[in-house]
Amino acid sequence: MDIEKKFIETIKKYKLLNKKDKVVVAMSGGKDSIAVLYLLKKFEYKVQALMIDLNFGKWSEKNLNNAKLFCNQIDVKLKVVNVKKELKYEMDLIQKILKNKKNLSRCYVCGIIKKWLLNKWARKLKADKIATGHNLDDECQSVLMNFLKGNISNGINTGPKTGGNNKLNFIQRIKPLFYIPENEIKKYIEKKQFNILYKKCPYAVETYRVEIRNWMKSISDNEKLKVVSGWQKVIPKLKIKKIKKIQKCNICKEFCSGDICSACKIIKECI
Ligand code: AMP
Ligand code: ZN
């Protein structure tokens, strides 16, 4: 099946979206988020793009320029949120502080802050859904990592759609590329000849995820699909035990499972 068909099939089967929804695409400027934005626009969904500018030198500059150019080409609005303007500190500095004080990895810190800013800004843009470019390879990496690290329960809340609670202002996240292998997305996008930087983030090196990604070169796309869909089939059977109290962060009022959300904990360490 080609990727356009798989994309639409995933949206329909898992009820990710309808044509009335306003969907904000979390845009990194890379091939996966470009593919999501392109396909949602092509199939006439109400889309807008939202990019968090991380100020990681030339890599960020190129991705930002590519995103601007692409959104302009397909006539989609792009909102750019700059980390330094939002938080008064560069992402690089926040990462260094948290590494020193709490021994947290760059990718963990960046992931938490990005997610927090995306949710906050998607709400300001009145989005019904946030779409990300996570693909089958990303999901397979996550399942394998959780197993190999013994953090299996971390994967309980994964799926083509997650979250979504209007009372708590938590916008639903959708992943229309959830069952599509990275390889197929790459080929599809390369054919279109869009301006895209295929290089991964310069700081995402020597993490456990990178090790798993390298190891995954030895398994087929079909095996990746089995890992991910196998895990998805198990989740409903485990859900009964997973009742986490959901509340609002005392500081920022964003959705979280404790008194203070992970993003505010990180920001507090920098003050
Ligand atoms: P990554 O964790 O870098 O593989 O990115 C996974 C998904 O998160 C991407 O496909 C995007 O949808 C989203 N994303 C990553 N970086 C950014 C960013 N700087 N701004 C907005 N969304 C992003
Ligand atoms: Zn908070």
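Two strands pair if DSSP finds at least two bridges between them. By that rule, strand 1 pairs with strand 4 (residues 129-131) in this predicted model. Three bridges join the two strands, and they run parallel. Val23 stands opposite Lys129 in strand 4.

Strand 1 also pairs with strand 2, again in the parallel sense, over five bridges. Here Lys22 has Lys46 of strand 2 as its bridge partner. Between these two strands the chain passes through helix 2 (residues 31-42).

Now look at how strand 1 is covered. It spans residues 22-26, and four of its five residues are buried. Buried means under 20% relative accessible area. Strand 1 is therefore largely enclosed by the rest of the structure.

Next comes ligand 1. The residues around it include Ala26, Met27, Ser28, Leu50, Met51, Ile52, Lys114 and His134. Sorted by class, the shell holds six nonpolar, five polar and one charged residues. Strand 2 (46-53) and helix 6 (106-124) are the elements that give two or more residues to this shell. Strand 2 gives the most, with three residues.

Backbone atoms supply several polar contacts. A polar backbone atom of Ala26 is 2.6 Å from an oxygen atom of ligand 1. Met27 places a backbone N or O atom 3.1 Å from a nitrogen atom of the ligand. At Ile52, a polar backbone atom is 2.8 Å from a nitrogen atom of ligand 1. How much of the ligand does the protein bury? Taken alone, ligand 1 exposes 480 Å², and the protein buries 74% of that.

Methods:
Residues are numbered from 1 along each chain as its sequence is written. Chains are lettered from A and ligands numbered from 1 in the order in which they are written. This is a predicted model: local features need pLDDT of at least 70, side-chain atom pairs count only at pLDDT 80 or more; totals for chains, interfaces and linings use all residues. Side-chain values use heavy atoms; hydrogens and water are left out. A residue is near a molecule or strand if one of its heavy atoms lies within 4 Å of it. A polar contact is a pair of N or O atoms within 3.5 Å; within protein, one must be able to donate a hydrogen and the other to accept it, and residues adjacent in sequence count only if both atoms are side-chain atoms. Accessible areas come from the Shrake-Rupley method with a 1.4 Å probe; for residues, only the protein chains shown count as cover. Ala, Val, Leu, Ile, Met, Phe, Trp, Tyr, Cys and Pro count as nonpolar, Asp, Glu, Lys and Arg as charged, and the others, Gly among them, as polar. Buried means under 20% relative accessible area, exposed over 50%, partly exposed in between (1.4 Å probe, protein chains only). A crossover is right-handed if, with the strands pointing away from the viewer, the path from the first strand over the helix to the second runs clockwise.
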